[in-house]
Amino acid sequence: MERSRRPHGLRTQKISISVSKDDLRLLTERARRVHRGNLSAVVHEMAETLRRKEALVALLDDFGGEPSTAAELQALRDEIAHAPTGKPRRPAA
């Protein structure tokens, strides 16, 4: 199980949000399972994911690319998952 401690020096700000009951259930289950019940850690985790996605969009914009569809992303994940790893083996003598 992951530790849910914030990095040292991370300043926080208290906010108030409204979410659906289903979303709150999902968030609190994730908090219990991964972050010892710390709901703020789940929000931090979601912000980190969003930050990575935004960086990818910015990178695609810099290179003139178009965002991929869900099907294209899944095809890429499948290709990576089945790619050979490590050094190629030599044929047996």
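Student: At roughly what angle do the axes of α1 and α2 cross?
Tutor: This is a predicted model, in which local features need pLDDT of at least 70 and side-chain atom pairs pLDDT 80 or more, while totals for chains, interfaces and linings use all residues. Residues are numbered from 1 along each chain as its sequence is written, and side-chain values use heavy atoms, without hydrogens or water. Helices are DSSP runs (H or I, at least four residues; strands are E, at least two), numbered from the N terminus, and axes are lines fitted to C-alpha atoms, for helices over the stretch in contact, with angles from 0 to 180 degrees between N-to-C directions. The axes of α1 and α2 come within 8 Å, and they cross at roughly 100°.

Student: Which word describes how α1 and α2 are set to each other?
Tutor: Angles under 35 degrees count as roughly parallel, over 145 as roughly antiparallel, 65 to 115 as roughly perpendicular and the rest as oblique. The axes cross at roughly 100°. Therefore α1 and α2 are roughly perpendicular.

Student: Which residues in α2 meet α1?
Tutor: Contact means heavy atoms within 4.5 Å. On the α1 side are Leu24, Leu27, Thr28, Arg30 and Ala31. In α2 they meet Leu39, Val42, Glu45 and Met46.

Student: How far apart are the closest N and O atoms of Arg30 and Glu45?
Tutor: The two form a salt bridge (a side-chain nitrogen of Lys or Arg within 4 Å of a carboxyl oxygen of Asp or Glu). This pair links distant parts of the chain, with Arg30 in helix α1 and Glu45 in helix α2 (residues 39-63), 15 residues apart. The closest N and O atoms are apart by 2.3 Å.

Student: Which residue forms a salt bridge with Arg25?
Tutor: Both partners lie in helix α1, three residues apart, about one turn of the helix. With the closest N and O atoms 2.9 Å apart, the partner of Arg25 is Asp22.

Student: What is the accessible area of the nonpolar surface patch as a whole?
Tutor: A patch joins residues with over 30% relative accessible area and no salt bridge, like charges within 9 Å and nonpolar side chains (Val, Leu, Ile, Met, Phe, Trp, Tyr) within 5 Å. One member, Ile15, lies in the segment before α1 (21-34) and is exposed at 60%. By the Shrake-Rupley method with a 1.4 Å probe, only the protein chains shown counting as cover for residues, Ile15, Ile17, Val19, Leu24 and Leu39 together have about 440 Å².

Terms used
Buried means under 20% relative accessible area, exposed over 50%, partly exposed in between (1.4 Å probe, protein chains only).
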